[in-house]
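Please keep the sequence and the 3D view at hand while reading.

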Amino acid sequence: MSALEKTQVDYDVIVVGAGFAGIYAVWKAKQSGFTVRGFEAAPEVGGTWYWNSYPGARCDVSTYSYAYFFDPEIVREWDWSNVCADQTEILRYLRFAADKCKVNESITFNTKVRAAKYLESEGLWRVTTSSGQEYVSRYVIMAIGALSTPKTPDIPGATDFAGLKLFTSDWPKDRKVDLAGLRVGVIGTGSSGVQVIPEVAKVAKTVHVFQRTANFVIPSEAGPVNPEQVSSLRAEPSQVRKDLRATFGGNQVFGIGEHRFSELDERGRQDALQRAWEGKYIALAFRDAHLVEANAAISEFIRQKMASVVTDPWTAKQLVPWDHPYGGKRPCRSDQYLQAFNSPHVRLLSLKETPIVKIETDGIQTSTEKFELDAIIYATGFDAITGAVFALDIEGLQGKKIRESWKDGPVNYLGTMVHGFPNIFFPSSAMSPSVLSNMATLAEQQIDFIVDSMLWLEEHDHGKLHPKAEAQEFWQKEVLRYAHRRPGALTTNSWYNGANLPNKPRVFMIYCGGFNKYHELCLSELRNDFPNYELLQTPELSLSAD
Ligand code: NAP
């Protein structure tokens with residue numbers, strides 16, 4: 001191909017997705033001098049906070065940490081109304097941030113990306129939208145989220161139900177859903193189910209909760225914001241940002257037990273647990289809370305607290321998670337969920353005892369009873385992490401599809417890049433601190449790492465970067481090594497390890513070595529000229545302006 005026939009480059013960077021990571025990616029890449037185009041399937045920014053608009057949706061991480069810190073004006077001008085903001089407020093916040101950073105003009109909304117193919121001889125990516133339009137870029141940032149592909153309900157007859165079918169992961173936006181006076185069934189008792197059930201119970205005639213596995217539910221931190229805390233965040237946002245990255249979870253920690261579990265006698269342990277419960281830091285009741293024995297004591301304490309809330313003994317027993325330790329899967333937070341089962345019109349069904357046989361046109365048939373329903377709410381979760389990647393047709397070096405590279409589970413290096421897929425980045429994806437850290441802190445940290453990597457490549461003759469195969473193998477082992485240390489991580493069925501989908505490979509998909517350590521490893525690659533990556537060179541390309 002002659003120089004004149006070279007593929008026209010439309011943008012330096014294409015960003016797919018406009019949630020926390022996508023908004024910041026568009027801004028950061030533009031600030032760094034790149035031409036950028038974002039694509040977003042929804043009609044506006046928000047990502048997960050756009051789609052999951054079910055009643056009760058709320059962040060259970062405090063807004064003191066779950067927010068942007070890159071722009072001091074955003075920190076100083078936005079007033080949160082609650083320590084744990086609800087979905088409507090977080091969506092308003094993301095709109096505000098996007099407006100302030102003027103990123104909307106660089107994003108094409110209502111546009112789903114379908115495919116991304118690496119044009120090897122030119123070192124470019126061709127991105128195709130679902131309407132068939134093609135765009136060529138030098139870099140792609142797949143800010144597509146970890147929990148953005150809902151799991152299809154795998155229950156016989158699910159499509160037959162003639163009443164109202166609702167999904168927490170895609171709550172209707174075009175109308176107000178009125179459940180007042182209806183007979184409602186809810187399937188799923190993870191974080192989404194736990195939040196939606198008490199809200200539905202406030203208006204519905206009856207609520208039947210179809211629970212397969214009980215989850216840990218601890219009180220939330222929701223409540224009025226502390227003005228002193230807000231002032232301290234506003235004083236020096238760049239320092240807050242730095243400090244968050246130096247923590248284990250990317251979060252501000254407001255309480256931690258004074259003693260190690262091993263230092264205390266039984267009385268001391270119970271006192272420490274009670275103090276931590278009242279101080280809302282039960283997960284860190286002891287300095288060595290990560291150890292199996294300490295975790296077992298924390299788990300048992302929470303089980304007792306949970307059971308004490310529910311008046312009916314059978315219901316209490318069913319709602320308590322006996323089968324896994326605290327933190328083995330994502331714990332839920334609510335001040336209303338367990339309490340809702342004390343209302344006479346809310347009834348728990350244990351699918352372990354009486355499984356659903358099928359969904360019929362007018363309700364749900366279990367092995368022992370038929371429940372006539374006007375509405376069914378599916379809070380059945382997501383094809384987490386890999387689902388969003390596999391929803392796209394991504395093809396890298398030598399025509400290899402990412403589906404093939406990840407057929408036995410996701411592999412990458414430092415949770416952002418995959419061997420054989422140069423210059424395409426996957427923030428918030430597999431093998432990163434992900435939901436075992438604060439996703440907002442992670443979004444900023446990973447996008448900084450990604451854009452800094454792109455700037456480094458610009459200085460290196462527009463090279464193409466991908467991790468070495470051995471670096472990827474090392475990272476896989478590293479993720480597993482830390483998972484072994486986390487109580488319940490490898491023994492509990494959860495979306496963390498693919499067990500929530502029948503045919504998904506069982507691979508633990510989250511790096512739990514700590515946010516601080518992860519951040520240092522990313523910085524070390526930048527500082528040392530990417531020793532664990534391969535740099536590919538391709539001919540100089542002519543660029544068009546945005
Ligand atoms: P989830 O945690 O995966 O929970 C899905 C629920 O549906 C589980 O109880 C599951 O039971 C049940 N389920 C799935 N298929 C079923 C079937 N065929 N029959 C009966 N029950 C079935 O999903 P999620 O609640 O949407 O939460 C996903 C993640 O989103 C959370 O872990 C969290 O990271 C995030 N989230 C965060 C917040 C927040 O406050 N920040 C709020 C909501 C969600 P089994 O456990 O038996 O599979």
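Is Glu-369 buried, partly exposed or exposed? Glu-369 is partly exposed, with a relative accessible area of 31%; here buried means under 20% relative accessible area, exposed over 50%, and partly exposed in between, computed with a 1.4 Å probe on protein chains only.

The model is predicted, so local features need pLDDT of at least 70 and side-chain atom pairs count only at pLDDT 80 or more, while totals for chains, interfaces and linings use all residues. Residues are numbered from 1 along each chain as its sequence is written, and side-chain values use heavy atoms, with hydrogens and water left out.

**Salt bridges**

Side chains of opposite charge can pair when their charged atoms come close. A salt bridge is defined as a side-chain nitrogen of Lys or Arg within 4 Å of a carboxyl oxygen of Asp or Glu, and the count by this rule is 33. Three of these pairs are listed here.

| Pair | N to O distance |
|---|---|
| Asp-12 and Arg-138 | 3.2 Å |
| Glu-369 and Arg-347 | 2.8 Å |
| Arg-481 and Glu-478 | 2.8 Å |

Asp-12 in strand 1 (residues 11–16) and Arg-138 in strand 6 (residues 134–142) are 126 residues apart, and their pair links distant parts of the chain. Helices (H or I, at least four residues) and strands (E, at least two) are DSSP runs numbered from the N terminus. Asp-12 is buried at 7% relative accessibility, and Arg-138 is buried at 4%.

Glu-369 bonds with Arg-347 in a salt bridge. Because Glu-369 lies in the loop between strand 14 (363–366) and strand 15 (370–372) and Arg-347 in strand 12 (residues 346–350), the pair ties together parts that are 22 residues apart in sequence. Arg-347 is partly exposed, at 35% relative accessibility.

Arg-481 and Glu-478 both belong to helix 15 (residues 469–485), where 3 residues, or about one helical turn, separate them. Arg-481 is partly exposed at 36%, whereas Glu-478 is buried at 11%. Arg-481 also lies over the face of Tyr-482, at 4.7 Å from the ring centre; this requires NZ of Lys or CZ of Arg within 6 Å of the ring centre and within 35 degrees of the ring normal.

A network of salt bridges links Lys-28, Arg-241, Arg-245, Glu-444 and Asp-448.

**The sheet and its aromatic neighbours**

Strands of a sheet pair through backbone hydrogen bonds, either parallel or antiparallel. In this model, an open sheet of 5 strands runs in the order 7-16-8-9-12 with parallel pairing, where two strands pair if DSSP finds at least two bridges between them. Strand 7 (164–167) and strand 12 stand at the edges with a single partner strand each, so one side of each is left without a neighbour in the sheet. Strand 8 (residues 183–187) and strand 9 (residues 206–211) pair over 5 bridges, and Ile-187 stands opposite Phe-210 in strand 9.

The structure holds 38 aromatic pairs: rings of Phe, Tyr and Trp (its six-membered ring) pair if their centres lie within 6.5 Å, with planes under 30 degrees apart counted as stacked, over 60 as edge-to-face and the rest as tilted. The rings of Trp-78 and Phe-96 have centres 5.2 Å apart and planes at 40 degrees, so this pair is tilted. Phe-167 and Tyr-378 are stacked, at 5.0 Å centre to centre and 15 degrees between the planes. Phe-167 belongs to strand 7 and Tyr-378 to strand 16 (residues 375–378), 211 residues apart.
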